[in-house]
Amino acid sequence: MNIVGITGGMHSCGLAYTENGKPKFAFEEERFNRIKCYNDAYNFHFRFPFLSGQNVKHSDTFDWNKLDYIASVENLKNTKTIWYGINLGPFPEEKYVYVNHHEAHCGLAYYCSGFEEDTLVLSVDASGEKYSSRSYLGKKGNLIEVSNIPLTQKSLGHYYAMLTEFLGFKRLKDEGKVVGMSSHGVFNQEIYDCFDKCITIKGFQTDKDKGKKFLGGVYEDFYKLWFEEYGSRMTFPFKEDIAYNGQLVFEDKILQLLENYHESFPEIKKLALAGGIFANVKLNKRINELDWVDEVFIAPPMGDEGLPLGACLVAHSKKTTDFKPFKLKDVFLGIGIKNFEYDKSKFLERPYNRDEIAFDLKDGKIIGWFNGRHEYGPRALCNRSIIADPSIPGTYKRINDKLQRNDKMPFAPVVIDNYADKVFKVDKSKYTAEFMTMLYDTHEDWVNKIPAVVHPIDKTARIQIVTAESNSKFYNLINKFNELTGIPVLLNTSFNVHGEPIVCHPEEAFVHLSNKVVDKLVINNKIYTNK
């Protein structure tokens, strides 16, 4: 059964393809058009995954005429518009399968979780069609809807958008900056109360949204509380304190919602989660630490970029009777490179040598790592990564300066699988940690050994566990680095300067080398340096 998933909209449009329920490729448009967070949420323009479609259309391994189904979270009219808009030929209307927005989120989380047990599957974001959240019971390969939060109720996703914009950042783009900033603040009861009163959890619902504009009541209620009830008697606090208390309220609300589900389904110990809010790794950490939770899985592309693949998987489940959750080996579902044409006359080229790169890392060099197919989702998972030694003092500032970043979130550590729980407190949910979707505490004796990847305040780390199966080439490199240094960890950050998408093609990687953002560049089996 061959299924294509296709989405357009205000942001995160793309394509995905599955064969017999297994992901074969998945693209997000921003990687190709080079527009970060490809969206226009402020002007409500509809976006098309044109370049994603062209990458598939010109593939010699894909035949559009052999599709069984076309799955989409868009209605039939919009799906046809997208199809014709990216010039894919006649639209076979009889192959169209509609999947609702949150069901696609939940399908991606559930079917890629590998959970055999009954699972609570939850999607929460700003909005998707007429809802901001839907929950399902994942049971023997089926998704059975339990509850939902309609847009007539306040949206938890809109709450975090409000917090993001109140701090001077852009929603749908800068939420990660708020998460990083929040760890630098302190508790303030008045600020907490202001955020707490603007949204309420009631059972599986939030309180009624009385707002008359887009994003509505959660914005209006907060600003009224802030400026009328609290602002007049409170000296304006540090942004870090606002972020801390706004984040804390957000976590408390989600945990309250989950506790309410637990009261109704006390036998369920597994959680599969998706939707944009679960990019929030501080929230995910608190969920993982709930004493009744045995394991959490966060969909690696948790935001709307994951909808095309989620739609494929749900459509497959609807058309067969024996589809069960499975585990992803990796999410390297983008495009690779075969023979690329680029003016390499400015660079020196030689064969890849693992030992050379390991010694370079030990000596403090910053390496651009470009290998195979690019990752699906927002995280660089060592196919389009910048890597460095996490133990060298000053590495954090040096890389931040080179990448023109000023985030307060530390870089992520990538750690060898059999050392993960020796360096970090990984008591459960190790599988989801392969995709850098969870925050963990660092063992005390390792905090000062790897300062560039540990949060200076709360000593947490957003880890990626690498296995020999998921990425053998990188696994061998980090093992060699461990032999040289006794540190089974490397710093891993996305291969892009601030404001740009993660690199997709070799040309973009060479620009980083030419501009001395990286000291050396590895592309598949070659090493490049400036002359």
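A: N87 sits in the loop between α3 and β5. The model is a predicted one: local features need pLDDT of at least 70, side-chain atom pairs pLDDT 80 or more, while totals for chains, interfaces and linings use all residues. Numbering starts from 1 along each chain as written, and side-chain values use heavy atoms, without hydrogens and water. Helices (H or I, at least four residues) and strands (E, at least two) are DSSP runs, numbered from the N terminus.

Start with the backbone. N87 is not a glycine, yet its phi is positive, at about 60°. What about its exposure? N87 has 46% relative accessibility, so it counts as partly exposed. The scale is simple: buried is under 20% relative accessible area, exposed is over 50%, partly exposed is in between (1.4 Å probe, protein chains only).

K516 is exposed, with a relative accessible area of 57%.

Back to α3, at one end of the N87 loop. This helix spans residues 76-85, and its buried residues are T79, I82 and W83. How are they arranged around the axis? Viewed down the axis of α3, they fall within an arc of 100°, so they line one face of the helix. The arc is taken over directions from the helix axis to the C-beta atoms. What do these buried residues pack against? Their partners are β1 (2-7), β4 (69-72) and β5 (96-98).

Now move along to α4. Helix α4 (residues 101-111) packs on helix α11 (residues 307-318) at about 80°, with the axes 7 Å apart. Axes are lines fitted to C-alpha atoms, for helices over the stretch in contact, and angles run from 0 to 180 degrees between N-to-C directions. On the α4 side, the contact uses H101, E103, A104, H105, G107, L108 and Y111. On the α11 side, it uses L307, L309, G310, A311, L313, V314, S317 and K318. Contact means heavy atoms within 4.5 Å.

G306 belongs to this neighbourhood. It is placed in the loop between β12 (295-298) and α11. G306 is buried, with a relative accessible area of 1%. Leaving out residues up to four places away in sequence, G306 touches L108, P301 and Y376. L108 is also one of the α4 residues in the contact with α11. For scale, G306 and D458 lie 152 residues apart in sequence and 30 Å apart in space, C-alpha to C-alpha.

Next, two cysteines. The structure holds zero disulfides (pairs of cysteine sulfur atoms within 2.5 Å). For C112, the nearest cysteine sulfur is that of C312, 11 Å away. C112 counts as buried at 1% relative accessibility. C312 is buried as well, at 0%.

One more helix pair is worth a look. Helix α5 (residues 156-166) and helix α6 (residues 175-182) have axes that come within 9 Å and cross at roughly 75°. Y160, L163 and T164 make the contact from α5. E175, V178 and V179 make it from α6.
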